[in-house]
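Let's take a walk through this one together, starting with the overall layout and then moving to the ligand and a few residues worth a stop. Have the viewer open as you read.

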Amino acid sequence: MNRSTHDGVRRARTTRVWATLAFAVAVALVAAGCGGDSVEVATTAAAGTPIAYGQQLAGESCSSCHGQNFEGVKNLGPALTDNHFIRDHTDDELIEFIKEGRSKDAPDNETGIAMPPYGGNPRLTDDDLADIVLFLRTLQ
Ligand code: HEC
C-alpha cells in the first residue's frame with residue numbers, strides 16, 4: 001500500500017519532467033523554423049508556388065494554341081517544349097516577346113500564323129508573365 005503510493009508519486013513527477021522537456025524542445029523547433037531562410041527552401045515545387053501559378057496561367061491563356069501539354073497544335077501554335085527560342089532568350093526577353101507577340105509577316109515568323117500580343121490576354125501582368133516564363137523553363 002505504502003509502496004504503491006510512493007511509486008505513484010514518483011511516476012507523476014517523472015511524467016511532469018518529460019512534459020516540460022517536450023515543451024522546451026517544441027519551443028526550440030518552432031523558433032528555429034520561423035527564423036532565417038529555412039522557409040524559402042520549400043518553395044520550389046507543388047501547388048501555390050510561382051511555377052504552379054505560371055502553369056495555371058499558361059493553361060488558361062496559351063494552351064488553346066500551344067496545346068494542353070504545350071507540345072504544339074498543328075496550324076495553331078508550335079511546341080513550347082524543347083524549344084530553341086525559349087532556350088536562346090533570357091527571362092526578360094521572353095516576357096517582352098509574349099507582350100508583343102509576332103505578326104504573321106514578321107521576318108522571324110516560322111509558320112505564317114500570328115502569335116497575338118499577350119497570347120490574346122492583355123490582363124496578364126508582368127508578374128504573371130514572369131511566372132509563365134518560369135513554368136516554360138521547366139518544359140525545356
Ligand atoms: C492564338 C494562338 C496563340 C496563343 C493563344 C498563344 N500563342 Fe504563342 N505562338 C503562336 C504562334 C502561331 C507562334 C509561332 C509564330 C511563328 O510561326 O513564328 C507562337 C510562338 C510562341 C513562342 C515562340 C516559339 C518559337 O519557337 O518561336 C512563345 C515563347 C510563345 N508563343 C509563348 C506563348 C505564351 C506564353 C502564350 C500565353 C501567354 C502564348 N504563346 C499564346 C500562337 C499563339
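Start with the secondary structure: the chain has 6 helices and 0 strands. Reading from the N terminus, the order is simply α-α-α-α-α-α. Keep in mind that this is a predicted model. Of the 140 residues in the chain, 23% are buried.

Where does it sit? You'll find it in the largest pocket. Helix 3 (63–66), helix 4 (84–87) and helix 5 (91–100) are the elements that each give two or more residues to the shell around it. Helix 3 makes the largest contribution to that shell, with 3 residues. The shell counts 25 residues, and the ones that come nearest to the ligand are Cys62, Cys65, His66, Thr111 and Met115. Sort the shell by residue type and you get 15 nonpolar, 7 polar and 3 charged residues.

Which side chains bring a polar atom up to an oxygen of the ligand? Arg102 does, with a polar side-chain atom 2.5 Å from a ligand oxygen. Thr111, already met among the nearest residues, has a polar side-chain atom 2.5 Å from an oxygen atom of the ligand.

Next, the aromatic side chains. The count here comes to 2 aromatic pairs. One of them is Phe70 with Phe135: the ring centres are 5.3 Å apart and the planes meet at 70°, and since anything over 60 degrees counts as edge-to-face, that's what this pair is. The two partners come from distant parts of the chain, 65 residues apart, with Phe70 in the loop between helix 3 and helix 4 and Phe135 in helix 6 (residues 126–137).

Most residues other than glycine have a negative phi. Phe70 isn't a glycine, yet its phi is positive, at about 60°. The loop between helix 3 and helix 4, where Phe70 is found, also holds Asn75. Asn75 is another non-glycine residue with a positive phi, near 65°.

Move along to the loop between helix 5 and helix 6, and you'll come to Asn121. Its relative accessible area is 13%, so Asn121 is buried. What does the side chain of Asn121 make a polar contact with? Its partner is the side chain of Ser61, at 2.8 Å.

For a last stop, go to Asp92 in helix 5. With a relative accessible area of 58%, Asp92 is exposed. Now look across to Val133: between Asp92 and Val133 there are 41 residues of separation in sequence, and their C-alpha atoms are 9.0 Å apart in space.

Technical notes: Residues numbered from 1 in each chain as written. Predicted model: local features only at pLDDT ≥ 70, side-chain atom pairs only at ≥ 80, totals over all residues. Heavy atoms only, no water. Near = heavy atom within 4 Å. Polar contact = N/O pair within 3.5 Å; in protein donor to acceptor, adjacent residues only side chain to side chain. 1 Å grid on protein atoms, 1.4 Å probe; cavity = no way out; pocket = protein on both sides within 12 Å on 5 of 7 lines; lining within 4 Å. Sits in = over half its atoms within 2 Å of the grid points. Helix = DSSP H or I, 4+ residues; strand = E, 2+ residues; numbered from the N terminus. Nonpolar A, V, L, I, M, F, W, Y, C, P; charged D, E, K, R; others polar. Phe/Tyr/Trp six-rings, centres within 6.5 Å; stacked < 30°, edge-to-face > 60°. Buried < 20%, exposed > 50% of the residue type's maximum accessible area, 1.4 Å probe, protein only.
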